[in-house]
Amino acid sequence: MWGAFGLLMLVALLQALDAADRIDMGFTSWRPTLYAYATWGAGLCWGQIILKGEQGKRLVFVLPAALFTVAMVIFPLIFGLTIAFTDWNLASISGRKFNGLDNVRQMWADPFYWNALLNMVWYTLAILVEYAIAFGLALLLNSQIRARKFFRVAFLLPLMLSPVAVSWMIGKSMLEPRFGPLARLARELGWDNPSFFGSPEIARFMIMAMDAWTFIPFMMIMILAGLQAIPKELHEAAKVDGASPWKSFWEVTFPLMLPVSITAILIRIIFKLKLADIIINVTSGGPGGATDSVTSFIFREYRDRSNVGYGTLLAMVYLVLIVIAMTILMKAADRWMRPRY
């Protein structure tokens, strides 16, 4: 095990020095390090069996998954950190150069990046409205209405579409300002020159609406599953005690649905923080960056400006912000749902 680990460290060091032009070993890719890592992984698994016997055999069921996670997550993260502090533009012939904290200073003075972060705050706050709509739809579909099964399938249809399809079907077709059906309807109602993506406020609202239309069914189906798990005897007991429908909802249904609701909201926040497809296809961040999310802004840094070093730094900073925000939210949710005695 130690021999394989030493080989891995030696090969990784030689490749790092070769990549930094300190030595010339003739490496064309990082495959030697990958092969050394695989050798060390095999040696580690075999060593556990030899040293720990039956317990080692049980560990072997876990170690390959852990080693794969390290290879697919930790190593790329380290590689991304090395890129984040370099000046690497694919349009430049000079190649990659270490530039220290220049990318950090550029980010700090970049108004478009901070505008994208502010937009993400508004996009995330819109989840509260989505949750209210999803809860109302779940209550409706949980009640005894006609064609209930049909409506359950119909309301799930937006979730079956990809955000790219939604952006083209709605943003590029129905909301097209000249020939789109919604634009024609707006003209009939008195809007002389309908432009759904012309002003920052309307464009941002339309992005929120399209994204909500796609993912409200996801929250609805989770809440509906929670509603169906509530025993009917509780509502019958509340009715016998004289509770009104509103009081029964507020005192019985809503408290029991808190764990499911918080889980649905947290998962929806994770999806929302990755919002990019609809923005890229419909507005490309316009007008003037008013609809940009952080992900779409980073994408355009890569695609339009070929700025790999700066784009990677923005992605790393965004990753840190996401980890901090989700940790705080999960701790707050755990404390809120914890029983108080």
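Student: Hi! Before we dig in, what counts as buried, exposed or partly exposed here?
Tutor: Buried means under 20% relative accessible area, exposed means over 50%, and partly exposed is anything in between. Keep in mind that this is a predicted model.

Student: Got it. So is Asp-304 buried, exposed or partly exposed?
Tutor: Asp-304 counts as partly exposed, because its relative accessibility is 44%.

Student: And which residue does Asp-304 form a salt bridge with?
Tutor: With Arg-303, and the closest N and O atoms are 2.8 Å apart. Arg-303 also falls in the partly exposed class, because its relative accessibility is 43%.

Student: How many salt bridges does a search of the whole structure find?
Tutor: Ten. Another one pairs Arg-105 with Asp-102, where the closest N and O atoms are 2.8 Å apart.

Student: Where do Arg-105 and Asp-102 sit relative to each other?
Tutor: They are both in helix H5, residues 102-108, and because they are three residues apart, about one helical turn separates them. As a general point, an α-helix has 3.6 residues a turn, so residues three or four places apart point the same way.

Student: Which salt bridge links distant parts of the chain?
Tutor: Take Lys-272 and Glu-130, whose closest N and O atoms are 3.1 Å apart.

Student: Changing topic: what can you tell me about the largest pocket?
Tutor: Its volume is about 950 Å³. The lining has 26 residues, and those nearest the centre are Trp-30, Phe-75, Ile-78, Phe-79 and Thr-82.

Student: Which elements give two or more residues to that lining?
Tutor: Helix H1 (2-19), helix H2 (31-52), helix H4 (63-84) and strand S2 (97-98). H4 provides the largest share, nine residues.

Student: OK, on to packing. How many residues are in the largest nonpolar core?
Tutor: That core has 55 residues, and Tyr-113, Phe-197, Met-210, Ile-223 and Val-294 have the most contacts inside it. Several helices supply at least two residues each, including H6 (111-142), H8 (163-174), H12 (245-272) and H15 (308-337). The most comes from H10, with 13 residues. In general, nonpolar side chains in soluble globular proteins tend to be buried together.

Student: What does Phe-197 touch?
Tutor: Leaving out residues up to four places away in sequence, Phe-197 touches Gly-171, Leu-175, Ala-203, Met-206, Met-210, Val-282, Thr-283 and Pro-287. There is also a second, separate core of eleven residues, with Ala-4, Cys-45, Leu-67 and Ala-71 among them.

Student: What is phi for Ser-284?
Tutor: Near 55 degrees, which is a positive value in a residue other than glycine. Ser-284 is likewise in the loop between H13 and H14. With a relative accessible area of 36%, Ser-284 is partly exposed.

Student: And where is Ser-306?
Tutor: In the loop between H14 and H15. Phi of Ser-306 is also positive, near 55 degrees.

Student: Why does Ser-306 count as buried?
Tutor: Because its relative accessible area is 18%, and buried means under 20%.

How values were computed: Residues are numbered from 1 along each chain as its sequence is written. This is a predicted model: local features need pLDDT of at least 70, side-chain atom pairs count only at pLDDT 80 or more; totals for chains, interfaces and linings use all residues. Side-chain values use heavy atoms; hydrogens and water are left out. On a 1 Å grid over the protein atoms alone, a cavity is a set of points where a 1.4 Å probe fits but cannot get out, and a pocket is an open set with protein on both sides within 12 Å along at least five of seven lines; lining residues have an atom within 4 Å of a point. Grid points are joined across faces, edges and corners, and a volume is the space filled by probe spheres set on the points. Helices (H or I, at least four residues) and strands (E, at least two) are DSSP runs, numbered from the N terminus. A nonpolar core is a set of buried Ala, Val, Leu, Ile, Met, Phe, Trp, Tyr and Cys residues joined through side-chain atoms within 4.5 Å. Buried means under 20% relative accessible area, exposed over 50%, partly exposed in between (1.4 Å probe, protein chains only). Contact means heavy atoms within 4.5 Å. A salt bridge is a side-chain nitrogen of Lys or Arg within 4 Å of a carboxyl oxygen of Asp or Glu.
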